[in-house]
Amino acid sequence: MSNEPKSAIRMEGVTKTFGSVIANQNINLDIRYGEVLSLLGENGSGKTTLMNMLSGIYFPDAGQIYVNDTPVTIRSPKDAYDLKIGMIHQHFKLVDVFTAAENIVLGLNEGGRYDKKEVARRVREICAKYGFDIDPEQKVYSMTVSQKQTLEIVKVLYRGADILILDEPTAVLTLQEIEKLFSVIRNMRADGKAVVIITHKLNEVLAVSDRVAILRHGEYIATVETKDATEASLTEMMVGKKVELDIARDLIEDKARRLCVRDLTVVNPDGITVLDKISFDAYSGEILGIAGISGCGQKELLESIAGLQRTEAGASVLFTDPDSGEDKQLIGTTPKKIRELGVHLSFVPEDRLGMGLVGSMGMTENMMLKNYSDGKSLFLDRKQPRELAERILRELEVVTPGVNTPVRRLSGGNVQKVLVGREIAAAPTVLMTAYAVRGLDINTSYTIYNLLNEQKKNGVAVIYVGEDLDVLLQLCDRIMVLCGGKITGIVDGRTATKEQVGALMVKHVD
Amino acid sequence: MNTIVSLLQAAICFGTVIMFGSLGEILTEKSGNLNLGVPGIMYLGAIASLTGAFFYERAVEVPNPIVCIIVAFVCAFLAAALGGLIYSFLTITLRANQNVTGLALTIFGSGIGNFFGGSLNKLAGGVGQISVSATSAAYRTNIPALASLGTVGDLLFSYGFLAYSAIILAVILQWYLNRTRSGLNLRAVGENPGTADAAGINVTKYKYLSTCIGAGIVGLGGLYYVMDYTKGTWANDGTIEGLGWLAVALVIFTTWKPVNTIWGAYLFGVLYWMNYYLPGLTRYSQELFKMLPYLITIIVLIFTSLRKKKENQPPANLGLAYFREER
């Protein structure tokens with residue numbers, strides 16, 4: 001093996017525009033075999049667009065792409081496969097009703113008979129080589145997110161890809177799954193493959209990659225060796241301006257109980273107890289963090305309080321009205337009544353458009369979804385929602401051509417700003433957010449943290465379900481840790497350590 | 001006994017028409033195209049085969065049965081496939097709304113059919129009723145040795161070759177969709193065109209081909225209708241349209257599985273004709289019985305929806321246009 005790494009892909013002066021929006025401008029990039037390259041940038045900085053031009057989804061307006069030092073034209077995904085380029089998209093490109101094996105051979109032109117057993121044998125071979133774990137006969141709709149991602153990687157490897165592009169592969173994985181993914185990536189690198197990871201998580205960049213290429217607002221900034229980089233230096237290149245690194249956390253003395261949850265138990269349709277006798281209180285002027293490995297009952301907990309989940313008998317959620325001081329039972333009322341009392345939920349699901357927003361509607365109309373029934377007249381009042389939409393657009397720096405552009409056309413991070421912004425703008429008494437910063441870049445994340453802090457100061461009881469332990473420890477006043485649907489501990493956010501919370505997250509109590 | 005045999009015979013003739021319709025529509029829908037132009041396309045196939053046969057029979061002294069069959073078959077298939085092509089161009093290339101396009105095609109097809117049907121009747125002169133007896137006879141030829149086997153012969157061997165072709169086609173389609181690479185690709189196009197595209201499948205080509213060939217197969221339903229069911233004549237009575245809609249209902253009834261059309265189509269036939277064989281029905285209660293095929297389609301829909309089994313659902317992208325750069 002020579003010391004000089006062989007160039008897999010070279011992009012020179014690549015430009016792509018969508019209408020008047022410049023997604024990529026004059027990008028130069030070098031991808032090498034036997035190396036992991038991180039493509040780092042904020043939301044909407046053009047990372048995915050750039051890689052989509054390698055996978056044949058988009059066609060560049062200008063510039064030249066070289067594969068193995070030969071100039072190439074990639075007009076379709078098929079061309080990309082022929083050049084041994086495989087991309088694992090953030091939204092998986094899988095057919096739900098097909099088995100794993102069927103998805104793998106889809107579109108392949110191997111010649112010869114279509115032999116399911118032979119396919120299964122080769123899939124197992126690849127799995128054994130790189131350390132994957134999938135069943136070729138399992139249907140995709142019964143797979144977990146992590147399994148689907150594994151399937152996507154196996155799919156491109158089955159097609160003989162030598163250049164693998166992973167679009168935000170860790171966004172939906174748990175810590176253990178991320179570790180597993182990284183070890184697979186290292187195996188592929190050792191095998192001489194070129195791997196590109198699109199990401200905005202700095203710790204992952206530093207953990208797994210050899211070089212980092214940074215994009216900002218569609219422009220290419222630099223490529224640096226990971227060993228010479230630090231979180232601070234990368235952040236600076238990525239955002240271009242200094243980012244406030246510590247999150248403000250004021251101590252509010254004057255607290256009052258807003259929610260009193262007792263013996264909350266939820267059994268899902270499969271008969272599994274997803275929440276087991278949860279009891280806690282939430283106070284105004286406080287951010288209560290909820291930590292836990294994903295799928296430990298966070299979603300069900302918030303939905304129960306918001307009235308969207310069926311709870312088992314004996315559960316009680318008391319809401320204390322800030323004006324009258326009266327206690328009201330939320331279990332058994334409708335989601336609408338709960339909202340009217342001022343208990344708001346903004347849940348950012350794995351696919352951001354899945355819940356709470358209508359993709360084909362603009363920001364204004366999405367604002368109206370939650371309060372269209374407030375109006376007195378027969379006709380809709382568009383003025384207030386439009387003002388609200390414009391305010392969110394301004395304050396959260398949503399990148400969109402206008403408030404009437406369908407939100408489906410916005411990039412993922414911007415969609416999320418709209419979703420979270422709407423709930424915060426409703427001036428709630430209890431604000432529950434789940435994964436509010438999922439997939440957001442640092443700058444926007446801070447904007448959201450500041451908004452939550454502002455709410456806290458205004459006397460709102462904030463419940464924040466998060467994934468990033470560092471953020472939870474710096475943002476929240478108290479942290480409640482869930483593990484397997486049970487509370488394993490409630491700690492003070494100011495004194496708790498990362499190790500302490502981490503230990504609670506994996507502590508299974510019977 | 002005789003009543004039952006004759007009911008079953010009627011059901012099988014009836015079933016063959018809608019079986020072709022359903023098979024073509026299943027092939028089309030598997031690519032994600034919901035072509036509601038089935039009745040219109042059946043009309044196109046019917047009138048084209050009749051026209052072709054009419055002019056061939058007029059041009060020669062003694063029509064050759066084989067040529068009769070080929071002329072009518074090719075005319076029916078091509079005219080219907082042309083209807084599919086119109087639909088494909090509008091919905092795939094221009095991305096027009098599929099439902100609207102399909103319904104327009106139904107109106108267009110029945111208009112064309114009845115217009116030329118009337119013209120043909122006029123051209124035929126005489127009693128004002130066209131009859132392509134030679135072609136119709138060729139299509140209705142059976143194997144006499146088998147057909148004369150008493151009840152068994154009546155029940156199983158008394159039909160023209162198209163009735164058996166429909167069954168064979170159903171089996172072939174089932175095998176194609178589930179056992180071949182191309183079939184797998186086609187299903188992927190209907191389920192998730194974005195995924196199929198990313199996998200290097202030419203989505204447009206699959207959609208065009210399956211829609212046009214599917215329409216051609218639907219047209220064979222029209223061919224069978226005029227040549228066998230009405231024995232080479234034309235009547236502007238709208239029966240084809242009714243049969244076309246039943247074929248669409250049958251697609252749902254079979255949960256998009258070609259082999260299910262075999263028994264499904266005959267079951268629809270029995271239900272449709274039952275009112276003639278049940279004693280003591282008035283004209284009004286007869287009409288009630290004619291609702292049965294639609295009624296059980298609704299029941300099947302309710303059950304498959306309740307069970308939520310993914311395999312029994314329509315192709316996930318049915319009715320939607322695909323555009324690669326859409327976000």
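On a 1 Å grid over the protein atoms alone, a cavity is a set of points where a 1.4 Å probe fits but cannot get out, and lining residues have an atom within 4 Å of a point. Grid points are joined across faces, edges and corners, and a volume is the space filled by probe spheres set on the points. The structure examined is a predicted model, in which local features need pLDDT of at least 70, side-chain atom pairs count only at pLDDT 80 or more, and totals for chains, interfaces and linings use all residues. Residues are numbered from 1 along each chain as its sequence is written, chains are lettered from A in the order in which they are written, and side-chain values use heavy atoms, without hydrogens and water.

One cavity of 30 Å³ or more is present, and the volume of the largest cavity is about 110 Å³. Its lining comprises 14 residues; Ser55(A), Tyr81(A), Met87(A), His89(A) and Ala198(B) lie nearest the centre. At least two lining residues come from each of helix 2 (77-82), strand 6 (85-88) and helix 5 (145-158) of chain A and helix 10 (193-198) of chain B. Helices (H or I, at least four residues) and strands (E, at least two) are DSSP runs, numbered from the N terminus.

In chain A, four strands form an open antiparallel sheet in the order 12-11-14-15, where pairing requires that DSSP finds at least two bridges between two strands. Strand 12 (273-283) and strand 15 (327-329) of chain A each have a single partner strand, so one side of each is left without a neighbour in the sheet. Three bridges join strand 14 (residues 316-320) and strand 15 of chain A in the antiparallel sense, and Leu318(A) stands opposite Gln329(A) in strand 15 of chain A. Helix 9 (residues 298-305) of chain A packs on the sheet, touching strand 11 (257-267), strand 12 and strand 14 of chain A; contact means heavy atoms within 4.5 Å.

Definitions and conventions: Axes fitted to C-alpha atoms, helices over the stretch in contact; angles between N-to-C directions. 1 Å grid on protein atoms, 1.4 Å probe; cavity = no way out; pocket = protein on both sides within 12 Å on 5 of 7 lines; lining within 4 Å.
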